[in-house]
Number of protein chains: 2
Amino acid sequence: MDVDAIGYVAAALTTLSFFPQAIKTLRTDDTHSISLSMYSLFTSGVAIWAAFGLLSGNGPVILANGFTLIPASFVLQKKIRHRLKAGER
Amino acid sequence: MDVDAIGYVAAALTTLSFFPQAIKTLRTDDTHSISLSMYSLFTSGVAIWAAFGLLSGNGPVILANGFTLIPASFVLQKKIRHRLKAGER
């Protein structure tokens, strides 16, 4: 089996995984058990990955991280709103 | 500025980000707003990334993903236990 194919499967899984969380958060409007630190670090990291992809001209890195940035930043802004509104931890 | 340095900062942020979530989940024992699909896909993806790193002899890929696997699988098993016990969504 092609080793690169394993890398592509892994990339697809980790990239797509944030969409079900964003959908759940959209549906329930609940971020109580979600860590603000996690989404702050992760969303910043993904944005910097995308910048790294742009600066180094790496298409797959731009694509995967640009894509993940959508659900990650959605969950982050929801968590920030809830924290500001309800003093949620 | 060295473009690679930007990649290392991004890698550090996305790798470390799952630890605050695991610590929050450990402290509160609450996974109510966490998506089971997200942690199933993400943890599988990270495990496959680590396997890809082993098969291709890529040290940083093994290290980053082996490290992320710890908090991700911790949150996943908590979510599965809660789902089984309480029929939590």
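Student: What makes B:Asp2 a cap for the N-terminal end of helix 1 of chain B?

Tutor: In this predicted model, a side-chain oxygen of B:Asp2 lies 3.3 Å from the backbone nitrogen of B:Asp4. A polar contact needs N or O atoms within 3.5 Å, so the pair qualifies, and B:Asp2 caps that end of the helix.

Student: How do you know that the span of helix 1 of chain B agrees with 1.5 Å a residue?

Tutor: Helix 1 covers residues 3-16, which is 14 residues, so it should span 20 Å. Its end C-alpha atoms are 20 Å apart, and that agrees.

Student: Why are residues such as B:Ile6 and B:Leu13 called buried?

Tutor: Buried means under 20% relative accessible area. B:Ile6 and B:Leu13 are classed that way, along with B:Gly7, B:Ala10, B:Thr14 and B:Thr15.

Student: What covers the buried residues of this helix?

Tutor: The cover includes helix 2 (18-28) and helix 4 (59-86) of chain B, as well as helix 3 (36-56) of chain A.

Student: How do you know that chain B touches chain A?

Tutor: Contact requires heavy atoms within 4.5 Å, and 35 residues of chain B are in contact with 35 residues of chain A. The area buried between the two chains is about 3000 Å², with 74% from carbon and sulfur atoms.

Student: Which kinds of polar link cross the interface?

Tutor: There are 13 residue pairs in polar contact, but zero salt bridges by the rule. On the chain B side, helix 3 of chain B gives the largest share, 13 residues.

Methods:
Residues numbered from 1 in each chain as written. Chains lettered and ligands numbered in written order. Predicted model: local features only at pLDDT ≥ 70, side-chain atom pairs only at ≥ 80, totals over all residues. Heavy atoms only, no water. Helix = DSSP H or I, 4+ residues; strand = E, 2+ residues; numbered from the N terminus. Expected span 1.5 Å × (residues − 1). Buried < 20%, exposed > 50% of the residue type's maximum accessible area, 1.4 Å probe, protein only. Polar contact = N/O pair within 3.5 Å; in protein donor to acceptor, adjacent residues only side chain to side chain. Buried area = accessible area lost by both parts, 1.4 Å probe. Salt bridge = Lys/Arg side-chain N within 4 Å of Asp/Glu carboxyl O.
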